[in-house]
Structures are given as C-alpha cells and as structure tokens.
Amino acid sequence: VGSGRCIRDSFFTGAALLQHIQTVTADRGVGGAVAQRTSVVRLLCEPGRIDWWATGIQLVGTLWFNITTYAALNASLDYEQEIVRVWTPDALGSVCFLVASYLALAEVTHGVRLWDPTDTGWRISAFNMVGSIFFGISAVASFILPSSGDELSVEATNLFTFLGAVCFFGGAWLLLPEAAESGLSAEVD
C-alpha cells in the first residue's frame, strides 16, 4: 500500500470535507436557512437536504477508505484480520460512495430526468456514479481469499480503482466551466 496512498486518502478526505462545508454554507437565496443557523449546526445536521446527505455520506466513505489504508500498512495481519480491518472498511467506503452518488444524481435530476447529458450537473453526477460503481467493483475484487490470503484479483482492484479515479477527475474537471458560468470563479479570486 505505502505512504503515497495515505497521502492520497488524506487529500481525498480533505476534498470531501471541503465539499460538505461548501454544501452546508451555500447561499439558498432569499429567506434561506443560511443566515438563520450557525455554521456548526449546518455542518452537523440538515437532514432535510439531500445534498447534505450526499456530501456527508461521501465524507464518511473517505474516512472508511482512510481506515483501510492505514490498516493495510500492517504487514503482520492474517487473512481474517485483513478482512475485518482492511477489506470491510474498503467495502463500507465503497457502499457510502454508491449511496452518495445515487443521492447526488437524484438531487440533480429531481428523480425525474434520469437521462440528461446536456446538463452539466447531470454529467458531473453521472461521472461520480460511474466512478463509485468502479470503486465498488474494485472492493469486490480486493476481497481476501481465505485459502491463500491473497486478493481475489489484484489486477482488477488496480484497474477499477484507476477507472474510478479517472471518473471522479472527469466530474471535477466538469466543475470548472460550471463554476465559471455561475460566477464562482470570481468568488475564488
């Protein structure tokens, strides 16, 4: 696994935290809840908002991935310990990502327009959903076989992790023009 993955997962979790903070502090327009609640309350609990759930669940998923990464550094684990300390958190992180991606896609489509590739928000959510599916496949492929203590398929684990990361990068890349269109780039400067 190595320290590179630890650093990557730390950035991944940091990005998820920033996304969650951006979601809870977003302006909701005239009469919105933003001005009426403290930042801490919004960060911790807005269960009536699907985007709060999506970003919060994704953040939890990144924490599961961190647990997996740090546990995998322990070379003395037997296969049962690897299943409990490495594979299970990885699988739970993948489930969190699938749920978060589904919620984000439902938020963007309002449960009606399941296919709208002309909409940038839909494309971003679709990229993230496909990336989450790839991460899920990677988690299944990384299951530790009791007979040998080896992963089911190291090649599939690496391939689908890479493809998932490419999809997440694609979704993030699509945010750049969306940010420019909505005037967010001026706020960043």
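How many residues does helix α5 have, and how far does α5 reach from its first C-alpha to its last? In this predicted model, α5 runs over residues 120-141, which makes 22 residues, and spans 31 Å between its end C-alphas. That is close to the 32 Å expected at 1.5 Å a residue.

**Start of α5**
- A side-chain oxygen of D119 comes to within 3.3 Å of the backbone nitrogen of G121 at the start of the helix.

**How α4 and α5 pack**
- Helix α4 covers residues 79-109, and its axis comes within 8 Å of the α5 axis, with a crossing angle of roughly 160°.
- Angles over 145 degrees count as roughly antiparallel, so α4 and α5 get that label relative to each other.
- The crossing of α4 past α5 is left-handed.
- On the α4 side, the contact is made by W87, D90, A91, S94, F97, L98, S101, Y102, A104, L105, V108 and T109.
- On the α5 side, the contact residues are G121, W122, S125, A126, N128, M129, S132, I133, F135, G136, A139 and V140.
- Sorted by class, this contact has 15 nonpolar, 8 polar and 1 charged residues.

**A look at V108**
- V108 sits in helix α4.
- Leaving aside residues up to four places away in sequence, V108 touches R113, D119, G121, W122 and S125.
- Take S125 as one of these partners: V108 and S125 are 17 residues apart in sequence, with their C-alphas 7.5 Å apart in space.

Notes:
Residues numbered from 1 in each chain as written. Predicted model: local features only at pLDDT ≥ 70, side-chain atom pairs only at ≥ 80, totals over all residues. Heavy atoms only, no water. Helix = DSSP H or I, 4+ residues; strand = E, 2+ residues; numbered from the N terminus. Expected span 1.5 Å × (residues − 1). Polar contact = N/O pair within 3.5 Å; in protein donor to acceptor, adjacent residues only side chain to side chain. Axes fitted to C-alpha atoms, helices over the stretch in contact; angles between N-to-C directions. Parallel < 35°, antiparallel > 145°, perpendicular 65-115°, else oblique. Left-handed = near helix turned anticlockwise from the far one by under 90°. Contact = heavy atoms within 4.5 Å. Nonpolar A, V, L, I, M, F, W, Y, C, P; charged D, E, K, R; others polar.
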